[in-house]
Amino acid sequence: MSWQAYIDDSLIGSGFMHSAAIVSLEDGSYWAYGGTYIPQPEEVTHILECIKNLTLVQSSGVTIYGVKFFGLQSGTDDDTKYIFFKKGAAGGCIYTTKQTFIVGVYGNPGEASSLAQDLTKNAQHDVPVNPADCNSTVKRIAEYLIKLGY
């Protein structure tokens with residue numbers, strides 16, 4: 001399976017997120033990505049810092065595609081590190097593998113206080129998603145890639 005197939009079929013294709021990316025832990029290069037909310041290079045640098053020092057998540061949050069998300073929780077779970085983040089009805093997670101981090105984003109992170117934005121949201125991002133579904137989908141792919149040595 002190609003890296004892009006993991007994004008298109010297993011992550012975004014699950015229906016539990018609208019944007020996802022697989023990024024190298026070594027140099028921050030993109031292995032595959034899809035959707036609108038993809039971390040930009042400077043944001044990848046910050047995410048890599050957060051992965052090295054999980055305490056940064058609570059103080060600085062995570063920024064993806066120019067949108068700052070509140071860092072809800074971070075930690076380690078067996079062979080992976082994880083970060084959960086949220087902004088309004090939107091949010092997502094990051095899970096690490098041996099060589100990558102995988103990010104998934106759900107919901108519309110538009111400003112909750114802006115009625116105009118709420119009325120003009122992109123319908124693709126309006127589908128309600130249980131955050132646990134996004135998290136478990138990303139975690140499952142991370143665990144699978146770890147088993148494959150990635």
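Mentor: Let us begin with a definition: rings of Phe, Tyr and Trp (for Trp, its six-membered ring) pair if their centres lie within 6.5 Å, and the pair is stacked with planes under 30 degrees apart, edge-to-face over 60, and tilted otherwise. The model is a predicted one, in which local features need pLDDT of at least 70 and side-chain atom pairs count only at pLDDT 80 or more, while totals for chains, interfaces and linings use all residues. Residues are numbered from 1 along each chain as its sequence is written, and side-chain values use heavy atoms, with hydrogens and water left out.

Trainee: Which residues form one aromatic cluster?

Mentor: A search of the whole structure finds eleven aromatic pairs. One of them joins Trp 3 and Tyr 6, with 5.6 Å centre to centre and 40 degrees between the planes, a tilted pair. These two belong to one aromatic cluster, whose members are Trp 3, Tyr 6, Trp 31, Tyr 144 and Tyr 150.

Trainee: Is Tyr 6 buried or exposed?

Mentor: Trp 3 and Tyr 6 both lie in helix α1, three residues apart, about one turn of the helix; helices (H or I, at least four residues) and strands (E, at least two) are DSSP runs numbered from the N terminus. Residues under 20% relative accessible area are buried, those over 50% exposed and those in between partly exposed (1.4 Å probe, protein chains only). Trp 3, at 23%, is therefore partly exposed. Tyr 6 has a relative accessible area of 6%, so the term for Tyr 6 is buried.

Trainee: How many degrees lie between the planes of Tyr 37 and Tyr 65?

Mentor: The ring centres of Tyr 37 and Tyr 65 are 5.7 Å apart, and the pair is edge-to-face, with planes at 80 degrees. This pair links distant parts of the chain, 28 residues apart: Tyr 37 is in the loop between β2 and α2, and Tyr 65 is in the loop between β3 and β4. Tyr 37 is buried because its relative accessible area is 13%, whereas Tyr 65 is partly exposed at 42%. The angle asked for is 80 degrees.

Trainee: Which strands stand at the edges of the sheet?

Mentor: Two strands pair if DSSP finds at least two bridges between them. By antiparallel pairing, seven strands form an open sheet in the order β2-β1-β7-β6-β5-β4-β3. Each edge strand has a single partner, so one of its sides is left without a neighbour in the sheet; the edge strands are β2 (30-34) and β3 (62-64).

Trainee: Which residue in the turn of the β1 and β2 hairpin has a positive phi?

Mentor: Strands β1 and β2 run antiparallel and are joined by four bridges; Ala 21, for example, has Tyr 33 in β2 as its bridge partner. Five residues lie between the two strands of this hairpin. The residue in the turn with a positive phi, about 75 degrees, is Gly 28.

Trainee: How far apart are the axes of α1 and α5?

Mentor: Axes are lines fitted to C-alpha atoms, for helices over the stretch in contact, and angles run from 0 to 180 degrees between N-to-C directions. Helices α1 and α5 pack at an angle of about 145 degrees, with 11 Å between their axes. Contact means heavy atoms within 4.5 Å, and here Trp 3, Tyr 6, Ser 10 and Leu 11 of α1 meet Thr 137, Val 138, Ile 141, Tyr 144 and Leu 145 of α5. The distance between the axes is 11 Å.

Trainee: Which residue has a side chain in polar contact with that of Thr 100?

Mentor: Thr 100 lies in strand β7 and counts as buried because its relative accessibility is 1%. Beyond neighbours within four places in sequence, its contacts include Ile 22, Trp 31 and Tyr 150. A polar contact is a pair of N or O atoms within 3.5 Å; within protein, one must be able to donate a hydrogen and the other to accept it, and residues adjacent in sequence count only if both atoms are side-chain atoms. At 2.7 Å, the side-chain partner of Thr 100 is Thr 97.

Trainee: How far does the backbone nitrogen of Gln 40 lie from a polar atom of the side chain of Glu 43?

Mentor: Glu 43 belongs to helix α2 and counts as buried because its relative accessibility is 8%. Leaving out residues up to four places away in sequence, Glu 43 touches Ile 38, Thr 63, Ile 64, Tyr 65 and Gly 66. From a polar atom of its side chain to the backbone nitrogen of Gln 40, the distance is 2.7 Å.
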